[in-house]
Amino acid sequence: MSSFVTDKVKNMPASGIRKFFDVAAEMKDIISLGVGEPDFFTPWNVREEAIYSLERRRTAYTSNAGHPALREAICEYMRTRFQLKYSAKEEIIVTVGVSEAIDIALRAVINPGDEVLIIEPCYVSYRACVILAGGVPVTVPTDEENNFRVQAEDIRSRITPRTKAIMLCYPNNPTGAIMERDDLEKICTVLRDHEDILVISDEVYAELTYTDENKHISIATMPGMYERTLVLNGFSKAFAMTGWRLGYACGPAELIAGMVKIHQYVIMCAPTTAQIAGIEALKNGLEGVQKMRDEYNDRRRLMVESFREIGISCFEPLGAFYLFPSIKKTGLTSEDFCTRMLMEKRLAVVPGTAFGECGEGFIRCSYAYSVEELKEAVQRIKDFVLHSTDFHGGIV
């Protein structure tokens, strides 16, 4: 049957995240810092609203673009939280998670051979979705020296006549990096010289920043960018609703209309129960977001300090809920480090190369876990890096 599978699917590697956790799932006494999923429950008022909706037999399809009340709530949320104004009727589509939004956005804009700039390290699906849409991913690497913030000149140097879009993800998965206003202004200066490039900005971690002076700023709020930016967001991270599979995209009406066309043929609509829950989350769930953010911030500080005490260089993340520490001093590749941690210490973390080649020498650790699990995980890493005797040039 392999002859029926397309070459681009055959040649596409499996997710570098799932590779490790499929193995870990079969092992005992495992601690996992790998999956990017809040360890909090969806707030009770949100769950309760979903339950009541089922009791009231609200189980029919919604409109393709999403429940009108949810789209209105999204508009109000985007206006009050991020100073972005959209039309609920024409400039919002509700999707099955941000993952679907990424997929249909790329399929709506890419013609065969179009290039898409991807800032790496990045979420694992970006490259794959560009390829599946018939495009050509072009990597723009970032590094620890620049706090994993993409540099405007690196973007400029990779733009060609075939560049159709650029994908941004800040706060960033996997590094936890953010972009400040000065950073965005420099990027916008480059993009204003190329008005035919669409910006696809994945802002699903926008609620998770940790200092008052570094609140999230959407690139769509910058002068000249609103009309050419598609903003993606969702409920998974901020409202602990990963399994509800609910996301959305906000942007120019013509682009949203194209995305709705694809969505109506392959999805129909996002799950009705999840959409009703999403309305409640946006209207009455922001207090819970603050509580989660405060807890994540405590864990963030704990993990950064712990890694540095071990002697592992660790960039301080200011957003999301990930660390991206450097393991270069061990002399191991990211893949070897993670494989040995899994087999010898029963700890699952993700090799940085799962997020792009410039992730070599790093690992991703989520701190969306209990303090007890995090402390035990750090102890296992400490035992590994300080007591192993076979590292070549490692920190022994």
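**Notebook: salt bridges, a helix pair and a surface patch**

I began with Arg149, which is buried, with a relative accessible area of 14%. I keep in mind throughout that this is a predicted model.

Entry 1, the partner of Arg149. I looked up what Arg149 pairs with and found a salt bridge with Asp183, in which the closest N and O atoms are 3.2 Å apart. The pair links distant parts of the chain, since Arg149 sits in the loop between strand 4 (136-141) and helix 7 (152-156), while Asp183 belongs to helix 8 (residues 181-192), 34 residues apart. Asp183 has 17% relative accessibility, and because buried means under 20%, Asp183 counts as buried too.

I then turned to Glu344 and Arg340, which form a salt bridge with the closest N and O atoms 2.8 Å apart. Both residues lie in helix 12 (residues 334-345), where they are four residues apart, about one turn of the helix. I noted that Glu344 is partly exposed, its relative accessible area being 42%, whereas Arg340 is buried at 17%. Next I followed bridges that share partners, and these join Asp39, Glu295 and Arg299 into one network. How many salt bridges does the structure hold? My list gives 19 salt bridges for the structure.

The side chains of Glu49 and Arg56 meet in a salt bridge, at 3.5 Å from N to O. Glu49 counts as partly exposed at 22% relative accessibility, and Arg56 likewise counts as partly exposed, at 43%. I went on to the packing of helix 3 (residues 44-55) with helix 10 (residues 272-284), for which I noted an angle of about 140° and axes 8 Å apart. Which residues make the contact between helix 3 and helix 10? From helix 3 the contact is made by Asn45, Val46, Glu49, Ala50, Ser53 and Leu54, and from helix 10 by Thr273, Ile276, Ala277, Glu280, Ala281 and Asn284.

Val9 lies in helix 1 (residues 7-10), and with a relative accessible area of 40% Val9 is partly exposed.

Technical notes: Residues numbered from 1 in each chain as written. Predicted model: local features only at pLDDT ≥ 70, side-chain atom pairs only at ≥ 80, totals over all residues. Heavy atoms only, no water. Helix = DSSP H or I, 4+ residues; strand = E, 2+ residues; numbered from the N terminus. Buried < 20%, exposed > 50% of the residue type's maximum accessible area, 1.4 Å probe, protein only. Axes fitted to C-alpha atoms, helices over the stretch in contact; angles between N-to-C directions. Contact = heavy atoms within 4.5 Å. Salt bridge = Lys/Arg side-chain N within 4 Å of Asp/Glu carboxyl O.
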